[in-house]
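Hello,

Here is the structure you asked for, sequence included. My notes on what turned up follow below it.

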Amino acid sequence: SNTAGTATLTNTTAGALTNADGATLSLNGGSATSATNAGTMSLSGDNSVSGDVTNTAGQLTLDSATVGGTLAAQGGNFTVGSNAATANSLSGSGNGTLVGTLNLTDASDTYSGVLSGAGSLNINGGTETLSGANTYTGVTTVSQGAGLNLPGSIASDLTTAGTTTIAGGSVGGSTSNSGTLTASNATLRDLSNTGGTATLTNTTAGALTNADGATLSVSGGSA
């Protein structure tokens, strides 16, 4: 427990890490079983945390870090660095900055904060819910077998091969679907349905393109 001052761990194996308000802790390489931050914490250098990483306040930075549990953004701010980060799932309401890519491998939570920055979000497994007004400019990618629920908004492009539901939400960039896309009372800039099925109900969209072998249905709304 780092109650004050500075703790620097390099290629070190640790149990639970706790960093208090006003304290600074960095883990470069190595591993821990969990991490809780209220001060300034940095997880980098291909390190791994087998359990949850919880940010209650302060600043958390993940750069080339793997979280085996949930990245719980309960407060403060977190940043994903240029070397990316991986977590099972993302929860909470604390705001985040994506410089690099955040990969979610077994998502199961709702994130209501705001993700900003030039980075990207990949949902590779599980189903993530984004309910906030996200402004990051990288691509949101939903892999086959994964899912996204979007009652909130994303500002940039969406590419989905999984199951994506946009209920009252909006996509500011282009949407490309090769999986199952369901949009109701939603706003899409445009949609290219390259495969699979897209169903739009009472949805406002720009240009709609439906490829050979794909299925697109529109009920109500406008394009």
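Tyr111 counts as buried, because its relative accessibility is 0% and the cut-off for buried is under 20%. Please keep in mind that this is a predicted model.

Tyr111 belongs to the one aromatic pair that a search of the whole structure finds. Its partner is Phe78; the ring centres are 6.4 Å apart and the planes stand at 75°, so the pair is edge-to-face. The two residues come from distant parts of the chain, 33 residues apart: Phe78 sits in strand 9 (residues 77-80) and Tyr111 in strand 13 (residues 110-111). Phe78 is also buried, at 2% relative accessibility.

Leaving aside residues up to four places away in sequence, Ile166 touches a list of residues including Leu150, Leu158, Val171, Leu181 and Leu188.

As for the whole chain, there are zero helices and 28 strands. The radius of gyration is 19 Å, close to the 17 Å that the globule rule gives for 223 residues, so the chain is as compact as a globular protein of that length. The C-alpha atoms fill a box of roughly 60 × 25 × 25 Å along the principal axes. Of the 223 residues, 46% count as buried. Among contacts with a separation of 6 or more, 2% are between residues 24 or more positions apart.

Regards

Key
Residues numbered from 1 in each chain as written. Predicted model: local features only at pLDDT ≥ 70, side-chain atom pairs only at ≥ 80, totals over all residues. Heavy atoms only, no water. Phe/Tyr/Trp six-rings, centres within 6.5 Å; stacked < 30°, edge-to-face > 60°. Helix = DSSP H or I, 4+ residues; strand = E, 2+ residues; numbered from the N terminus. Buried < 20%, exposed > 50% of the residue type's maximum accessible area, 1.4 Å probe, protein only. Contact = heavy atoms within 4.5 Å. Rg over C-alpha atoms; globule rule 2.2 N^0.38 Å.
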